[in-house]
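Welcome! Please take a moment with the sequence and the structure shown here, and then read on for a short tour.

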Amino acid sequence: MAITDKIYVKNHRQIASQLERSIPKGAFKGATLDLLFTGDGMEKLDEATREKVLDFAEDFLDCDCDNNPYCGHPEEKFITYLLELRAQGLGPDAIVDTMSAEYMLYAYSGDVLSFLDSAIRELEAVESLAEVEGNREAARRAREAKRELSG
């Protein structure tokens with residue numbers, strides 16, 4: 001299961017109540033993405049919530065693909081966001097706090113830790129394969145990325 005399947009809308013019930021419609025708890029579920037992409041009912045949200053929702057849409061749903069928001073780019077951008085937070089030295093708890101403050105999203109710290117651990121293991125595999133293939137540049141980049149994530 002991808003980490004984006006484990007990212008949830010904070011205050012989900014309150015937002016659904018303000019919108020006067022049911023929305024999934026998952027931030028990257030189809031109906032949630034539809035709502036964010038089309039902007040239906042955003043005027044019903046309180047100002048603080050609307051700002052966070054619009055920030056999320058602007059940062060992750062800004063894509064020119066014909067299939068947007070179902071092209072996979074929102075998830076890719078969010079994964080990059082998580083990896084950048086880790087590269088800045090934030091641990092799983094701080095990453096959860098940051099995404100909550102910036103976008104009103106939450107995840108369980110253990111899920112974030114598991115995601116980061118998997119990313120490091122994948123980079124180790126890339127590094128090893130690159131070395132076997134004699135691609136020193138790819139091995140170096142994987143090693144540096146792994147070091148950034150390992151903190």
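What follows looks at one pair of helices and then at some salt bridges.

Please keep in mind that this is a predicted model.

Let us start with helix 4 (residues 73-87) and helix 5 (residues 92-103), which pack at an angle of about 125° with their axes 10 Å apart. The two are therefore oblique to each other, and helix 4 passes helix 5 in a right-handed crossing. On the side of helix 4, the contact is made by Phe78, Tyr81, Leu82, Leu85 and Arg86, and helix 5 brings Ile95, Thr98, Met99, Glu102 and Tyr103. Sorted by class, this contact has seven nonpolar, one polar and two charged residues.

**Salt bridges**

Side chains of opposite charge can pair when their charged atoms come close. In this model the count comes to ten salt bridges.

| Glu20 and Lys44 | 3.4 Å | Glu20, 64% | Lys44, 41% |

Where do Asp117 and Arg121 lie? Both are in helix 6 (residues 109-133), four residues apart, about one turn of the helix. Glu137 and Arg141 are likewise four residues apart, in helix 7 (residues 136-150).

Glu20 forms a salt bridge with Lys44. Glu20 lies in the loop between helix 1 (12-19) and helix 2 (30-38), and Lys44 in the loop between helix 2 and helix 3 (47-60), so the pair ties together parts that are 24 residues apart in sequence. Glu20 counts as exposed, whereas Lys44 is partly exposed.

Finally, a network of salt bridges links Glu127, Glu131, Arg143 and Lys146.

Terms used: Residues numbered from 1 in each chain as written. Predicted model: local features only at pLDDT ≥ 70, side-chain atom pairs only at ≥ 80, totals over all residues. Heavy atoms only, no water. Axes fitted to C-alpha atoms, helices over the stretch in contact; angles between N-to-C directions. Parallel < 35°, antiparallel > 145°, perpendicular 65-115°, else oblique. Left-handed = near helix turned anticlockwise from the far one by under 90°. Contact = heavy atoms within 4.5 Å. Nonpolar A, V, L, I, M, F, W, Y, C, P; charged D, E, K, R; others polar. Salt bridge = Lys/Arg side-chain N within 4 Å of Asp/Glu carboxyl O. Buried < 20%, exposed > 50% of the residue type's maximum accessible area, 1.4 Å probe, protein only.
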